[in-house]
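Subject: Structure for you to look at

Hello,

Please open it in your viewer and read along.

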Amino acid sequence: MIEVRSLRDALRLLFIFTREFRLTLLVTIAVVVAGAFLLPNRYVSDARLLVKPTQSASVQLPVQPGPESGFVQQSPQRDPLLDEEKMATSAPVMLKVAKAYLAMSSVPPQGGWARFKFQLGKAAAWCKELVRDMFVGVGLMDKAPPEDRLAARLAKRLAVSHDPGSNVMEMRVTWGDPQVAQGISRAWVDAYFDERANAAGGDALFDFYQQQNTELNDTIIKLKQQLRDRLRVIDATSVEQRIEDVTDQLQKLYRQRRELQAEREALRGILGAAGRQLPAVAGEVMTEREISLNPAREDLKLKLNGLKQQRLDLLRNFKDGAPPVRALDESIAGLEAEIAAVNDNVVRSRNMAPNALGTRLRQDMQDARINVAKIDANIAEIDEQLKQLQAAREEVMSAEPSLSRLSLELGSAEKTFAQYSDYLLRARVIRDLNRNRLSNVALVGESSFTPSRVFPKSMLMLLLTLPVALVVALVVVFVLYLLDQRIHDGGRIEKTFNVPLLATVPEIARDQEGSQALRAALYRIYCRLPLEQIAERGLSLGVTSGRSGEGVSFIASRLAIVLRQQGYTVREGALPVQPGEMLIVQAPPLSDEHALIALRGCDRIILVVQARSTTVPAVESALALLRDALGRVDGIVLNRRVFEIPAKFWKPISRWLGAY
């Protein structure tokens with residue numbers, strides 16, 4: 001426990017830990033000097049690659065849009081060179097570099113000393129592998145190929161980086177031989193480009209799309225054969241055309257059937273009208289009569305007959321009540337009224353003959369019946385054709401889903417084949433570009449050969465040996481200061497232990513027993529004693545320590561001398577004390593079981609602590625023991641206090657500090 005309050009106290013630390021300071025200084029100097037001459041040399045080989053993120057040589061693969069086509073996911077800004085660095089230090093690249101290094105290291109170098117080191121390294125590697133095999137055999141280590149283990153070590157020694165905002169990626173190899181470093185750098189660049197070509201997928205994409213095109217071609221041929229067989233079954237070139245043809249035929253037959261039905265209904269109407277008129281027509285008519293006929297009447301009758309003939313002809317196409325038939329009926333009725341108004345002529349003779357109108361009506365009715373029968377036969381034939389066409393349509397409709405599916409699959413396969421053909425062309429271009437290392441990464445700096453080593457910097461290390469050694473030694477002194485639990489001075493005793501510090505007794509030589517510093521310390525103890533109670537009931541003073549050899553007898557004897565010089569009666573012994581008497585009890589160390597018994601009943605209890613020897617935990621333990629057993633501790637005396645800076649050093653230092 002040292003209180004550092006000024007530069008003097010800081011200098012004290014150097015003299016307190018002089019041995020450690022010197023040892024650290026010498027060890028640091030020795031280590032730095034040995035490192036400057038014995039550390040393995042390191043050489044660097046650099047390769048620089050220019051990455052152009054704006055150019056892309058990747059194949060645009062088809063993307064299926066999501067349900068929300070208007071949604072565009074935001075892409076955060078990211079340095080694209082980070083991906084390139086990750087790829088350059090990936091496990092496949094390091095494995096290729098490790099294999100290349102093993103191939104290079106298997107060739108023995110030229111020269112006797114180099115060959116000796118090569119053989120020595122091989123022997124060491126063999127021993128290392130043997131020890132590793134033993135650990136693997138007992139299960140302490142996992143079995144791994146030498147290439148993988150070497151790749152893991154290379155990943156720690158190969159560095160790739162780039163400056164912020166720069167598109168130049170620097171690949172650095174640090175090794176003990178400049179030629180080997182250059183060879184590893186070249187192998188690393190080649191492995192990176194090969195792995196990047198594999199990651200770009202030129203060969204894989206070309207093989208994939210070529211295989212997909214072959215499979216799609218076979219699928220298209222099979223689908224066309226299945227579609228041809230199905231169309232042969234329904235006797236059509238395509239299902240749509242077949243359905244359209246059958247539909248057209250059905251529509252024509254339905255239209256023809258409706259026309260025949262209309263004609264049949266018209267003939268039936270004519271038959272009904274003729275059947276109703278036939279009873280009203282006379283069976284016979286006079287063919288010859290010798291009478292004087294009225295020519296106007298005959299003309300009207302002829303017109304009437306013509307109108308009736310026209311009516312019969314209309315009834316073949318129209319029903320009763322049709323506008324043309326009603327018009328003729330009105331004309332006939334008008335003529336009949338005119339005929340009725342004309343006078344008859346005198347008949348001279350007459351000959352009877354069958355009525356031509358009745359005969360005509362009967363003939364027309366017979367013809368109508370024959371036509372109706374023909375129409376019924378045509379309708380029956382049309383119905384049979386309709387049934388056949390409907391059956392054919394049902395067959396086509398039943399085959400239509402499978403044919404449509406085959407058509408859709410064929411169309412999709414043909415579209416996919418066309419897309420894959422385009423992608424195959426792009427993949428072929430990418431493959432050729434990757435084989436020739438033509439991409440958005442260009443090698444702008446070949447692997448360099450640097451014969452000058454980058455580590456160790458021997459001259460710089462030798463120049464910085466002394467400053468570094470001083471800094472390390474000072475750091476060690478500071479750490480020791482933080483870890484030191486010994487009590488060197490009394491600066492923080494009262495604050496730390498909550499016990500008053502009565503005096504600090506300096507270390508004195510034999511010829512300095514009467515020194516002024518010792519007398520001042522003893523008088524400080526004397527002045528803090530309650531001397532006024534000596535005359536009334538006496539005063540007992542117990543002096544003890546945590547362990548033996550801390551100066552209890554020295555403090556007690558010197559304090560007794562001071563008290564006698566002041567005219568007090570002083571006795572050294574055991575209790576009880578008499579009025580007017582000063583009793584000093586030299587108790588054994590607290591580690592002795594009789595110490596507390598000797599101190600019991602003392603008016604004042606003083607704990608003696610030896611500087612540079614007693615530690616803070618020891619003082620805390622002693623104080624706790626006294627407080628628990630006796631209830632109090634009246635003070636601490638720090639004995640054998642030493643000013644660590646020798647006088648021959650302190651005098652010039654103090655003069656120099658005083659000048660400033």
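Of the contacts in the chain with a separation of 6 or more, 81% are accounted for by residues 24 or more positions apart. Please keep in mind that this is a predicted model. The chain has 660 residues, and 34% of them count as buried. Its secondary structure comprises 21 helices and 12 strands.

Let me start with the interior. In soluble globular proteins, nonpolar side chains tend to be buried together. The largest nonpolar core here has 28 residues, and those with the most contacts inside it are Ile-525, Leu-541, Leu-563, Met-582, Ile-584 and Val-637. At least two core residues come from each of these elements: strands E7 (501–506), E8 (539–545), E10 (581–586) and E11 (604–610), together with helices H16 (516–527) and H18 (552–565). Helix H18 gives the largest share, with 7 residues.

Beyond its neighbours within four places in sequence, Met-582 is in contact with Leu-529, Ile-534, Leu-539, Leu-541, Leu-563, Thr-569, Val-570 and Arg-571. Apart from this core lies another, of 27 residues, and Ala-47, Ala-151, Met-169 and Ala-191 are among them.

Ala-151 also takes us to helix H6, where the buried residues are Arg-149, Leu-150, Ala-151 and Leu-154. Helix H6 covers residues 146–157, which makes 12 residues, and it reaches 17 Å from its first C-alpha to its last. That is close to the 16 Å expected at 1.5 Å a residue.

Next, the surface. Which residues make the nonpolar surface patch of about 570 Å²? They are Val-471, Val-475, Phe-478, Val-479, Leu-482 and Leu-483. Phe-478 sits in helix H14, residues 465–483. Its relative accessibility is 45%, so Phe-478 counts as partly exposed: the class runs between 20% and 50%.

Now for the charged pairs. Side chains of opposite charge can pair when their charged atoms come close. The structure holds 13 salt bridges. One of them joins Asp-376 and Arg-264, with the closest N and O atoms 2.7 Å apart. This pair links distant parts of the chain, since Asp-376 belongs to helix H12 (residues 356–435) and Arg-264 to helix H9 (residues 239–277), 112 residues apart.

Arg-486 and Asp-484 meet through their side chains at 3.1 Å, N to O. Arg-486 has 26% relative accessibility and therefore counts as partly exposed, while Asp-484, with a relative accessible area of 13%, is buried. In the other salt bridge, the closest N and O atoms of Arg-547 and Glu-550 are 3.3 Å apart. Arg-547 is partly exposed, with a relative accessible area of 35%, and Glu-550 is buried, with a relative accessible area of 2%. Elsewhere, salt bridges that share partners join Asp-46, Arg-48, Glu-170 and Arg-172 into one network.

Finally, some backbone angles. Most residues other than glycine have a negative phi. Asn-498 has a positive phi of about 60° although it is not a glycine. You will find Asn-498 in the loop between helix H15 (493–497) and strand E7. With a relative accessible area of 67%, Asn-498 is over the 50% limit and so is exposed. Arg-612 also is a residue other than glycine with a positive phi, near 65°. Arg-612 lies in the loop between strand E11 and helix H20 (616–630). Its relative accessibility is 40%, so Arg-612 counts as partly exposed.

Best wishes

Methods: Residues numbered from 1 in each chain as written. Predicted model: local features only at pLDDT ≥ 70, side-chain atom pairs only at ≥ 80, totals over all residues. Heavy atoms only, no water. Helix = DSSP H or I, 4+ residues; strand = E, 2+ residues; numbered from the N terminus. Expected span 1.5 Å × (residues − 1). Buried < 20%, exposed > 50% of the residue type's maximum accessible area, 1.4 Å probe, protein only. Patch = residues over 30% accessible without salt bridge, like charges linked within 9 Å, V, L, I, M, F, W, Y side chains within 5 Å. Areas by Shrake-Rupley, 256 points an atom, 1.4 Å probe, with all protein chains shown as cover. Salt bridge = Lys/Arg side-chain N within 4 Å of Asp/Glu carboxyl O. Core = buried A, V, L, I, M, F, W, Y, C linked by side-chain atoms within 4.5 Å. Contact = heavy atoms within 4.5 Å.
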